[in-house]
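Welcome! Here is a friendly tour of one protein model, arranged by topic so that you can follow along in the viewer.

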Amino acid sequence: MKAIFQNSTDFILLGLITHPAFPGLIFAVVFSIFLVAVSANVVMILLIHVDSRLHTPMYFLLSQLSIMDTVYICITVPKMLQDLLSKERIISFFGCTLQIFLYLTLIGGEFFLLGLMAYDRYVAVCKPLRYPLLMNRRICLFMVVGSWVGGSLDGFMLTPFTMSFPYCGSREINHFFCEIPAVLKLSCVDTSLYETLMYACCVLMLLIPISVISVSYTRILLTVHRMNSAEGRRKAFATCSSHIMVVSIFYGAAFYTNVLPHSYHTPEKDKVVSAFYTILTPMLNPLIYSLRNKDVATALRKVLSRCPSSQ
């Protein structure tokens with residue numbers, strides 16, 4: 001088998017667990033998470049589209065986050081589920097390239113979008129009277145397009161370089177999807193310079209949105225501290241708490257993957273962290289926003305109450 005793949009352009013994905021004792025159980029767990037994640041994000045998108053009270057900049061940006069999460073989880077999990085049921089965990093060279101490009105585009109787009117969502121919360125709390133002007137529809141569209149374009153630039157820059165290296169040895173990727181560090185380990189040439197440049201690129205992409213988030217929430221905390229009204233403080237914290245939770249989860253995993261030195265990484269740790277932000281995070285994001293947001297919960301109850309009456 002190895003001799004065949006040395007002359008092939010296909011790769012073999014070893015999976016989240018190389019030799020799982022209970023693949024059926026892992027399949028059931030991952031498939032359940034996948035269904036919940038896709039359903040929760042699609043429901044969130046539909047609620048924001050249907051309920052007129054959710055036609056605000058904050059929920060418009062949130063709907064884009066749900067779209068990114070839906071596409072994001074669909075890039076890796078269906079292939080992972082297929083491999084759990086199949087003995088041949090093969091992915092073509094084109095399929096691996098497409099997976100890398102979409103993964104980079106969406107994770108980069110989510111980096112920028114979460115940063116812009118923090119700016120939206122800053123304007124809402126610190127400049128409420130100017131909010132309709134500073135967050136009008138044109139600016140919101142510009143933010144969303146900028147997030148998608150910024151993420152796609154990352155994909156267009158890194159994907160061609162990654163896949164241009166010769167892979168003349170083993171074709172076994174010790175991962176459940178084509179993540180760049182795992183793919184580069186199969187290259188038969190020195191990739192250290194490219195990995196250093198890629199590391200710098202990823203750090204830069206993290207620093208820009210993290211700076212926006214840090215400045216925005218510092219200004220928000222100062223504004224909340226000066227508030228005399230306890231009700232005003234409660235509303236401000238309610239407005240920002242969901243976003244802070246999502247940012248902490250997503251950037252925590254991204255920090256480990258892209259910033260920590262190689263000495264802290266092992267294939268097993270990398271796969272666990274990757275599973276966390278490619279499988280669990282897309283499920284947690286809509287649940288955090290729906291469970292902690294009265295407007296979303298009210299819109300959901302309103303839609304559910306219509307179903308029996310329409311029948």
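Trp148 counts as partly exposed because its relative accessibility is 28%, where buried means under 20% relative accessible area, exposed over 50% and partly exposed in between (1.4 Å probe, protein chains only). The model you are looking at is predicted, so local features need pLDDT of at least 70 and side-chain atom pairs count only at pLDDT 80 or more, while totals for chains, interfaces and linings use all residues. Residues are numbered from 1 along each chain as its sequence is written, and side-chain values use heavy atoms, with hydrogens and water left out.

**Around Trp148**

- Trp148 sits in helix 6, which covers residues 137-164; helices (H or I, at least four residues) and strands (E, at least two) are DSSP runs, numbered from the N terminus.
- With neighbours within four places in sequence set aside, Trp148 is in contact with Gln64, Ile67, Met68, Thr105 and Leu106, where contact means heavy atoms within 4.5 Å.
- The C-alpha atoms of Trp148 and Ile107 are separated by 9.8 Å, although these residues are 41 residues apart along the chain.

**The chain as a whole**

- The protein chain has 11 helices and three strands.
- Reading along the sequence gives the pattern α-β-α-α-β-α-α-α-β-α-α-α-α-α.
- Along its principal axes, the C-alpha trace spans about 70 × 50 × 30 Å.
- Of the 311 residues in the protein chain, 48% count as buried.
- Among contacts with a separation of 6 or more, 79% come from residues 24 or more positions apart.

- In soluble globular proteins, nonpolar side chains tend to be buried together.
- The largest nonpolar core holds 87 residues, and Cys96 and Ile173 touch the most other members. Helix 4 gives the most to this core, with 15 residues.
- A nonpolar core here is a set of buried Ala, Val, Leu, Ile, Met, Phe, Trp, Tyr and Cys residues joined through side-chain atoms within 4.5 Å.
- Apart from neighbours within four places in sequence, Cys96 is in contact with Phe11, Ile91, Met163, Ile173, Cys178 and Val183.

**Leu114 in helix 4**

- Leu114 belongs to helix 4, which covers residues 93-126.
- Leu114 counts as buried because its relative accessibility is 0%.
- Not counting residues up to four places away in sequence, Leu114 touches Leu65, Ile213, His243, Val246, Val247, Phe250 and Tyr251.
- Between the C-alpha atoms of Leu114 and Ile210 there are 9.0 Å, with 96 residues separating the pair along the chain.

- Three strands form an open sheet in the order 2-1-3, with mixed pairing. Strand 2 (90-91) and strand 3 (172-173) are the edge strands, each pairing on one side only.
- Strand 1 (residues 11-13) runs parallel to strand 3, and two bridges join them; two strands pair if DSSP finds at least two bridges between them.
- Ile12 has Glu172 in strand 3 as its bridge partner.

**Charged residues**

- There are three salt bridges, each being a side-chain nitrogen of Lys or Arg within 4 Å of a carboxyl oxygen of Asp or Glu.
- Asp51 forms a salt bridge with Arg53, with the closest N and O atoms 3.4 Å apart. Asp51 is buried because its relative accessible area is 6%, whereas Arg53 counts as partly exposed at 48% relative accessibility.
- Asp83 forms a salt bridge with Lys79, with the closest N and O atoms 3.2 Å apart. Both residues lie in helix 3 (residues 57-85), four residues apart, about one turn of the helix, and both Asp83 and Lys79 are buried.
- Arg121 forms a salt bridge with Asp120, with the closest N and O atoms 2.6 Å apart, and both Arg121 and Asp120 are buried.
- Which buried residue has no salt bridge? Asp270 is that residue, and Lys185, the nearest side chain of opposite charge, is 4.7 Å away; Lys and Arg count as positive and Asp and Glu as negative, while His and the chain ends are not counted.
- Asp270 is found in helix 10 (residues 267-291) and touches His175, Tyr256 and His265, not counting residues up to four places away in sequence.
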